[in-house]
Amino acid sequence: GPVDPQRVIEFPLEKLPEGVTVGGQVQMQGQKGPVLGTVKELTDTTGTLDLNHPCSGLPLTMSVTILTITPAASLEVEVV
């Protein structure tokens, strides 16, 4: 999916793990469970964390092979 700019946050440096570096990843506890963030920038007081999925914004290409095609049962067919 697309990159969500609201998932790029400033975080107090003292709350980040010791030795964190730009490009490194940190795991934090979010409201719905663990969240993985990538450190994008560090200053003397804050770290910029990107909480988007690492593949966000990247094109995705898939190659598939259809093995079989079967008719849908009458209960699966939606009449419009």
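1. pLDDT is the predictor's confidence in each residue, on a scale from 0 to 100. Keep that in mind as you read, since this is a predicted model. Among the elements of the protein chain, S4 has the highest mean pLDDT, at 96, while S2 has the lowest, at 91. Over the protein chain the average pLDDT is 90, and 91% of the residues score at least 70.

2. Let's start with Leu13. You will find Leu13 in the loop that links strand S1 (8–12) to strand S2 (25–30). Is Leu13 buried, exposed or partly exposed? Its relative accessibility is 27%, so Leu13 counts as partly exposed; the buried class stops under 20% and the exposed class begins over 50%.

3. Stay with Leu13 and look at its partners. Leaving out residues up to four places away in sequence, Leu13 touches Leu42, Thr43, Asp44, Thr45, Thr46 and Gly47. Take Gly47 from that list: Gly47 is 34 residues from Leu13 along the chain, yet the C-alpha atoms of the two are separated by 5.5 Å.

4. Val20 also sits in the loop between S1 and S2. With 19% relative accessibility, Val20 counts as buried, because the limit for that class is under 20%. Which residues does Val20 contact, leaving aside neighbours within four places in sequence? They are Val26, Val39 and Leu42. Leu42 is also among the residues that Leu13 touches.

5. Here is a pair to set beside Leu13 and Gly47. Val20 and Cys55 are 35 residues apart along the chain, and their C-alpha atoms are separated by 21 Å. For Leu13 and Gly47, 34 residues apart, the separation is 5.5 Å.

6. Next comes Thr48, a residue of strand S4 (residues 46–50). Thr48 has a relative accessibility of 11% and therefore counts as buried.

7. Finally, move to the segment after S4, where Val64 has its place. Is Val64 buried or exposed? Its relative accessible area is 67%, so Val64 is exposed. Together with Leu60 and Met62, Val64 forms a nonpolar patch on the surface. The accessible area of these residues together is about 410 Å².

Key: Residues numbered from 1 in each chain as written. Predicted model: local features only at pLDDT ≥ 70, side-chain atom pairs only at ≥ 80, totals over all residues. Heavy atoms only, no water. Helix = DSSP H or I, 4+ residues; strand = E, 2+ residues; numbered from the N terminus. Buried < 20%, exposed > 50% of the residue type's maximum accessible area, 1.4 Å probe, protein only. Contact = heavy atoms within 4.5 Å. Patch = residues over 30% accessible without salt bridge, like charges linked within 9 Å, V, L, I, M, F, W, Y side chains within 5 Å. Areas by Shrake-Rupley, 256 points an atom, 1.4 Å probe, with all protein chains shown as cover. Salt bridge = Lys/Arg side-chain N within 4 Å of Asp/Glu carboxyl O.
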